[in-house]
Amino acid sequence: YLLNWQDKYIVEYFFGYKELGIYGLTTRVSNLIFVIVSGIIVSGMSNFWSMNEEPEKYFAFNSVAIKFLGFISLSIVCFYISLGKLLVPSSYLKSLDLIFYGCIAAAVRSLIAVFTVQEGANNNLRKILKVNLLVLIIQIIGFFTLPLVSLNQIFLIQIFSIIVGIIFFFN
């Protein structure tokens, strides 16, 4: 819960309500990736919850899920970056420029969701808690130690912290 909402408090604290509105629109659009992919992953993983039963099918599903994640991410980025500028009012253009970073952040969150579901299926709840705490701590340190001057930095801190979490815990 904290990883999905704490960034909005940070944006409000450092940038104010106007920028929070822009950031909120950006995250809503880019989170389409997370919602679509997470739904597919959770429903698909339930078919073979324990990877010990049929590991080939389990890893094949993960491979397809990750490729689908990439496809959805690129599709949303391409649509909003190209057609979005023609279809939305000019007041939303700043949000469109942020969608690129938001989509990457949502894709990385979706990727960590794949690994988290894997670990949950194998009863490695401590590992899930540790990775979430590590990511949260890195984000909070980044938010309060780096000079935040643009909303892009919020997404970059998220992307960096989640990639670090993936590398440390899901190698």
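pLDDT is the predictor's confidence in each residue, from 0 to 100.

**Entry 1: confidence**

I noted that this is a predicted model, where local features need pLDDT of at least 70, side-chain atom pairs count only at pLDDT 80 or more, and totals for chains, interfaces and linings use all residues. Residues are numbered from 1 along each chain as its sequence is written, and side-chain values use heavy atoms, with hydrogens and water left out.

I looked up the chain's mean pLDDT and found 79. I also saw that 85% of the residues reach 70 or more. Then I went by helix (a DSSP run of H or I, at least four residues, numbered from the N terminus). Confidence is lowest in helix α3, residues 55-82, with a mean of 72. It is highest in helix α7, residues 151-169, at 91.

**Entry 2: nonpolar cores**

Next I searched for nonpolar cores. Such a core is a set of buried Ala, Val, Leu, Ile, Met, Phe, Trp, Tyr and Cys residues joined through side-chain atoms within 4.5 Å. Buried means under 20% relative accessible area, exposed over 50%, and partly exposed in between (1.4 Å probe, protein chains only).

The largest core has 23 residues. I154, I166 and F170 have the most contacts inside it. Helices α1 (2-15), α2 (17-45), α5 (93-121), α6 (125-145) and α7 each supply at least two of its residues. The largest share, eight residues, comes from α7. I found a second, separate core of 12 residues, including L69 and C103. In soluble globular proteins, nonpolar side chains tend to be buried together.

**Entry 3: aromatic pairs**

I searched the whole structure and got five aromatic pairs. Rings of Phe, Tyr and Trp (its six-membered ring) pair if their centres lie within 6.5 Å; planes under 30 degrees apart count as stacked, over 60 as edge-to-face and the rest as tilted.

Y13 and F14 have ring centres 4.9 Å apart and planes at 90°, so I logged them as edge-to-face. Y13 is exposed, because its relative accessibility is 62%. F14, at 34%, is partly exposed.

Y23 and F155 are stacked, 5.0 Å centre to centre with 25° between the planes. This pair links distant parts of the chain: Y23 sits in α2 and F155 in α7, 132 residues apart. Y23 is buried at 0%. F155 is buried too, at 1%.

**Entry 4: back to Y13 and F14**

I found that Y13, F14 and F144 form one aromatic cluster. I140 lies in helix α6. I140 is partly exposed, with a relative accessible area of 39%.
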